[in-house]
Amino acid sequence: NNVYVLDATGLKVLIRFAQDVKKHKTRLLLTEVHYRCLTTIEDSALISTIGRDSIFRSLSEAIDFIESK
């Protein structure tokens, strides 16, 4: 399922989830993020929580990133 709009509630949930993931010393990666959602993410605290380098254009790019570590 594709997400085309990220509202305030969805953003809050994602931020909390990203913070919880970080506490467990794991990393949240996002792939194939729609440009509208990406704009919302970049303008929020989520981008500072996960980092811009945790957002990938495709799943294959994210997999390549993980395999290179």
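**Labels and their cut-offs**

Author: Read along the sequence, the chain follows the pattern α-β-α-α-β-α, and its secondary structure comes to 4 helices and 2 strands, where helices (H or I, at least four residues) and strands (E, at least two) are DSSP runs numbered from the N terminus. This is a predicted model, in which local features need pLDDT of at least 70 and side-chain atom pairs count only at pLDDT 80 or more, while totals for chains, interfaces and linings use all residues. Residues are numbered from 1 along each chain as its sequence is written, and side-chain values use heavy atoms, with hydrogens and water left out.

Reader: How do you know that the radius of gyration agrees with that of a compact globule?

Author: The radius is taken over C-alpha atoms, and the globule rule is 2.2 Å times the number of residues to the power 0.38. With 69 residues the rule gives a value near 11 Å, and the chain has 12 Å, which agrees.

Reader: Why is Ser54 called buried?

Author: Buried means under 20% relative accessible area, exposed over 50% and partly exposed in between, with a 1.4 Å probe and protein chains only. Ser54 has 0% relative accessibility, so Ser54 counts as buried. This residue lies in the loop between helix H3 (45–50) and strand E2 (55–56).

Reader: What does the side chain of Ser54 reach?

Author: The side chain of Ser54 reaches the backbone oxygen of Ile50 at 2.8 Å. Leaving aside neighbours within four places in sequence, Ser54 is in contact (heavy atoms within 4.5 Å) with Arg27, Leu28, Leu29 and Leu30.

Reader: Why is Leu11 called buried?

Author: Leu11, found in helix H1, has 13% relative accessibility and therefore counts as buried. Not counting residues up to four places away in sequence, Leu11 touches Leu6, Thr40, Ser44 and Leu46.

Reader: How many aromatic pairs does a search of the whole structure find?

Author: The search finds 1 aromatic pair. Its rings, those of Phe56 and Phe65, have their centres 5.2 Å apart and their planes at 45°.

Reader: What makes that pair of Phe56 and Phe65 tilted?

Author: Rings of Phe, Tyr and Trp (its six-membered ring) pair if their centres lie within 6.5 Å, and planes under 30 degrees apart count as stacked, over 60 as edge-to-face and the rest as tilted. With centres 5.2 Å apart and planes at 45°, the pair of Phe56 and Phe65 is therefore tilted. Both Phe56 and Phe65 are buried.

Methods
Polar contact = N/O pair within 3.5 Å; in protein donor to acceptor, adjacent residues only side chain to side chain.
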